[in-house]
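Visitor: I would like to go through this model with you, one question at a time.

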Amino acid sequence: MLQFSGIEAARLRAGWVSSAEAPELVHEFTTFIEELRALGPSPLKNDFRKELV
Amino acid sequence: MDYQTVLTTCTYCGCGCNFFLEVLDGEPIGTIPCKTSPVNEGKLCIKGWNVHEFVRHEKRLTTPLLRKNGKLEEVSWEEALTTTAARLKAIKTEHGADAIGFLTSAKVTNEENYLLQKFARAAVGTNNVDHCARL
Amino acid sequence: MIDVIRKRVEELLESGEISGFLGLARQNGHIAPRLYQKGDDLSEMSLGDHLQPGDARYPLNKYLINLYKAYPEKTFGVLVRGCDDRGLKTLYTWNQLTPNRVVPVGITCPQELADRCECAKPYPDEIIAGEKALPGEARSVAALEALPVGDRFTYWMNEFVKCIKCYGCSNVCPMCFCNECSLKCDDLVKRGELPPEIPTFHHIRAMHMVGRCIDCGLCEEACPSTIPLRTLYKKMNDIMVDKFDYTTGIRRGQRSPLNMLEPVEGHK
């Protein structure tokens with residue numbers, strides 16, 4: 001649905017990490033943050049309301 | 001079992017959206033926007049959608065209230081009208097007719113609105129008339 | 001077509017099989033929902049066609065629930081099109097109505113309406129009057145998917161931002177019967193904020209229509225801001241077909257895959 005609304009699929013990630021796997025969790029976070037940085041600022045930050053209100 | 005859909009016009013503003021009030025055994029239970037109305041074509045705003053809720057709302061006034069010693073008290077129509085007339089006269093004598101303003105309502109009929117502006121202009125003598133539906 | 005329906009309704013009422021028939025009537029120049037009872041004049045009956053076919057459809061099932069709950073010993077007839085029939089089946093599954101107290105009187109939709117609605121099944125299971133039309137060709141979702149992702153985003157945000165938060169989409173929806181609505185939960189949708197947070201508001205509603213939306217399109221017709229809600233929910237329904245092979249309201253007794261804990265056939 002996000003994709004259909006024009007939000008890149010790469011901006012959402014669901015991962016399964018056990019509470020005993022701290023390094024995996026850190027890895028998930030760091031790689032996701034890197035990917036998000038590469039994507040640039042979120043289009044959702046634009047204020048679509050401004051013109052109307 | 002008595003179920004009626006009563007065609008009526010929204011009383012909230014001057015647009016005049018049409019809807020049906022769903023009435024089950026004499027109690028209004030829902031609002032159905034009228035699809036065939038050229039005004040709103042089956043659409044309503046949030047106020048219109050919930051219009052059936054105010055009809056029997058406990059906070060609606062059923063008797064006139066008069067502020068006595070800073071507190072609102074229930075009074076008879078006779079007392080309310082006498083007080084209002086006396087105060088209007090007093091204000092008019094002291095400060096002139098333009099010190100008085102009249103606010104009318106979309107919740108009453110056109111005829112009642114006409115009467116109020118007539119009263120303001122002819123009886124009191126002011127053009128200070130406004131209406132909640134003057135969007 | 002209408003004469004066949006009148007005859008059928010008269011039979012049902014006369015025989016006592018139903019206590020009331022919830023249909024439509026032409027009254028005061030408008031088309032309105034009306035409850036017909038034994039002995040009532042059926043001459044003003046309408047099937048919801050005003051200026052063009054099906055332009056005065058009402059969520060009769062929704063009103064039926066009120067009557068059904070107020071008179072728990074009575075059986076009701078109701079006018080159904082293909083979408084209403086899907087709605088009835090889903091309402092049975094969600095325990096809002098029971099089939100033994102509801103007698104659907106089915107009519108088909110003409111091809112013109114099926115095409116306009118892009119309806120996958122423009123006729124009920126049991127047809128009392130009318131000829132089956134072919135399913136309407138689905139175009140709206142594909143047309144949007146053909147856009148580049150950025151344009152699609154701009155398109156939707158410019159639509160969503162028009163929302164005046166009238167709650168008309170859920171008020172008119174025959175599938176919206178929850179006592180507690182997520183759209184009225186302060187943690188999800190901030191009270192008094194207009195327009196609501198986008199696209200969150202519309203996505204919350206879309207998520208809650210999963211397995212419920214019967215694609216009747218009344219939400220879009222009720223939207224004062226003409227947001228193409230039907231296209232949004234059509235996409236959601238497409239995902240349900242694609243991932244779970246599930247179409248809401250097509251099979252009696254079938255539960256939404258998202259409401260089951262047991263494994264779904266063919267899926268791990």
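**Chain C and its neighbours**

Guide: In this predicted model, 28 residues of chain C are in contact with 21 residues of chain B.

Visitor: Which element gives the most to the side of chain C that touches chain B?

Guide: Four elements of chain C each supply at least two residues of that side, namely helix H2 (60–70), helix H7 (168–172), helix H9 (218–222) and strand S2 (30–37). The one that gives the most, with six residues, is S2(C).

Visitor: By class, how many residues on the side of chain C that touches chain B are nonpolar?

Guide: Sorting that side of chain C by class leaves four charged and eight polar residues. The remaining class, the nonpolar one, has 16 residues.

Visitor: Which chains share the most contacts?

Guide: Contact here requires C-beta atoms within 7 Å, and no contact joins chain A and chain B, whose closest C-alpha atoms lie 17 Å apart. Two pairs of chains are in contact, and the pair that shares the most contacts is chains B and C.

Visitor: Why does chain C count as being as compact as a globular protein of its length, and what is its radius of gyration?

Guide: Chain C has ten helices and five strands. For its 268 residues the globule rule gives 18 Å, and the value for chain C is close to that, so the chain is as compact as a globular protein of that length, with a radius of gyration of 19 Å.

Definitions and conventions
Residues numbered from 1 in each chain as written. Chains lettered and ligands numbered in written order. Predicted model: local features only at pLDDT ≥ 70, side-chain atom pairs only at ≥ 80, totals over all residues. Nonpolar A, V, L, I, M, F, W, Y, C, P; charged D, E, K, R; others polar. Rg over C-alpha atoms; globule rule 2.2 N^0.38 Å.
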